[in-house]
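Colleague: I would like to go through this model with you and ask, term by term, what each label rests on.
Modeller: Gladly; here is the chain.

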Amino acid sequence: MSKRPLWANHLISVLIAPATMTLFIPAAILAFTGAALPDPATATGLLRILGGVALIGIGLWFLIWTVWLFDRVGEGALAVGTPVNLVVRGPYRHVRNPMMTAVFCLQLGAAALAASPWLLGWFAVFCAAVLIAIPLVEEPHLVKRFGAEYQAYRRHVPRWIPRASAWVPDRQHGIASSGVVKGVKG
């Protein structure tokens, strides 16, 4: 059986996770609850629109950046095709979960843009699930996969609130100055 191209893995991964959480589920919520865009003629409406668009823009930027890093540095994709290398570059030097930051921004931006308390509720449910899943599922997997290098990374880079300055790993942490930790293929 031939191996699926990496771009196909990225497409599947983005459709499975970020697109479902930020497009498909919110669209279903809005279809059932209805929503009207805020009135740009009012100060509140204009602020909601500008805030929503800004959050969506930030979210898209971070999502594209982190997917690109997973491809180029991690040599893998999100949900399909686990990265071969631990990614410790770009936003990952400030916070361990910048992809979740992207999804949170997209969800909050959509809630603001649609002025929807239902989307805000979806954001709260999703956040609660992520706050539980990351430490209980993802992090133990990464410790097993990358060992001491991930543990050093975890000690220096916070899970949710970004560091002001980028963490620069050195050889004593087992991470090359390029920010790449070689993992185990498979």
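**Labels and what they rest on**

Modeller: Let me begin with I25, which counts as partly exposed because its relative accessibility is 25%, and buried means under 20% relative accessible area, exposed over 50% and partly exposed in between, with a 1.4 Å probe and protein chains only. Please keep in mind that this is a predicted model, in which local features need pLDDT of at least 70 and side-chain atom pairs count only at pLDDT 80 or more, whereas totals for chains, interfaces and linings use all residues. Residues are numbered from 1 along each chain as its sequence is written, and side-chain values use heavy atoms, with hydrogens and water left out.

Colleague: Where is I25, and which residues is I25 in contact with, leaving aside its neighbours within four places in sequence?
Modeller: I25 has its place in helix α2, where helices are DSSP runs of H or I with at least four residues, strands are runs of E with at least two, and both are numbered from the N terminus. Contact means heavy atoms within 4.5 Å, and by that rule I25 touches T20 and W122 once neighbours within four places are set aside.

Colleague: Why is α2 called oblique to α5?
Modeller: Two packed helices are described by the angle between their axes and the distance between the axes. Axes are lines fitted to C-alpha atoms, for helices over the stretch in contact, and angles run from 0 to 180 degrees between N-to-C directions. Helix α2 (residues 18-33) and helix α5 (residues 117-146) pack at about 140°, with axes 10 Å apart. That makes α2 oblique to α5, because angles under 35 degrees count as roughly parallel, over 145 as roughly antiparallel, 65 to 115 as roughly perpendicular and the rest as oblique.

Colleague: Which residues of α2 and α5 meet, and how does their contact divide by class?
Modeller: M21, I25, P26, I29, L30 and T33 in α2 meet W118, L119, W122 and F126 in α5. By class, this contact of α2 with α5 has 9 nonpolar, 1 polar and no charged residues, where Ala, Val, Leu, Ile, Met, Phe, Trp, Tyr, Cys and Pro count as nonpolar, Asp, Glu, Lys and Arg as charged, and the others, Gly among them, as polar.

Colleague: What makes α2 roughly parallel to α4?
Modeller: α2 and α4 pack at an angle of about 20°, with their axes 9 Å apart, and that angle makes α2 roughly parallel to α4. In their contact, P18, M21, T22 and L30 of α2 meet V103, L106, Q107 and A114 of α4, and the classes there are 6 nonpolar, 2 polar and no charged residues.

Colleague: Why is α3 described as roughly antiparallel to α4?
Modeller: Helix α3 (residues 43-72) packs with α4 at an angle of about 155°, with the axes 7 Å apart, and this angle makes α3 roughly antiparallel to α4. The residues of the contact of α3 with α4 divide into 19 nonpolar, 4 polar and 1 charged.

Colleague: How do you know whether L69 is buried or exposed?
Modeller: L69, which is found in helix α3, has a relative accessible area of 3% and is therefore buried. Leaving aside neighbours within four places in sequence, L69 is in contact with G74, V87, R89, G90, P91 and Y92. L69 and P91 are 22 residues apart in sequence and 9.6 Å apart in space, C-alpha to C-alpha.

Colleague: What is the phi of A115, and where is A115 found?
Modeller: A115 has a positive phi of about 50° although it is not a glycine, and A115 is found in the loop between α4 (98-114) and α5. At 32% relative accessibility, A115 counts as partly exposed.

Colleague: How many helices and strands are there in the chain, and in what order do the elements run?
Modeller: The chain has 6 helices and 2 strands, and from the N terminus on the elements run α-α-α-β-α-α-α-β. Buried residues make up 40% of its 186 residues.
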